[in-house]
Amino acid sequence: MVSTPNYRRGPFTGEILRRCEAVMRDACAVFGAELHEFNDETDHMHLLVHCPPKIALSRLVGSLKASPRAACARNSSRSAALRSGNFWSPSHFAASCGGAPLSIIREYIENQKRPG
């Protein structure tokens, strides 16, 4: 899954992303899903999630997008955007990786340029 914020002006910092990853792992666990890989650049996130077919993908994505707001609300200048409810773009990209070897997908996600 790839998700972007509404305004792609580098809203993510290393600290925000570490907290977001932990909260997103917890959110996945609530649904019975597993976050295998998490990586990002300064303006979007890549997630590799194992999601059982019984889970509605739209509900999982909604929960994952709500998680960073709760985790990062106390972060100074970026907190207003996170609390406003307009932080995430309403769209996302989700694809099944059943056709590609998991090692290829993991390598792609790991090679994203994470901010310091």
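Modeller: Buried means under 20% relative accessible area, exposed means over 50%, and partly exposed lies in between, with a 1.4 Å probe and protein chains only. This is a predicted model, in which local features need pLDDT of at least 70 and side-chain atom pairs count only at pLDDT 80 or more, while totals for chains, interfaces and linings use all residues. Residues are numbered from 1 along each chain as its sequence is written, and side-chain values use heavy atoms, with hydrogens and water left out.

A nonpolar core is a set of buried Ala, Val, Leu, Ile, Met, Phe, Trp, Tyr and Cys residues joined through side-chain atoms within 4.5 Å. The largest one here has 17 residues, and Met24, Phe38, Met45, Leu47 and Leu64 have the most contacts inside it. Two or more residues come from each of helix 1 (14-31), strand 2, strand 3 (44-50) and helix 2 (57-72); helices (H or I, at least four residues) and strands (E, at least two) are DSSP runs, numbered from the N terminus. Helix 1 gives the most, with 6 residues. Contact means heavy atoms within 4.5 Å, and beyond its neighbours within four places in sequence Leu64 contacts Met1, Met24, Ala27, Cys28 and Leu47.

Now the cysteines. Cys28 is buried, at 0% relative accessible area, whereas Cys51 is partly exposed, at 26%. A disulfide is a pair of cysteine sulfur atoms within 2.5 Å. The closest cysteine sulfur to that of Cys28 is in Cys51, 8.0 Å away, which is too far for a bond. By this rule the count is 0 disulfides.
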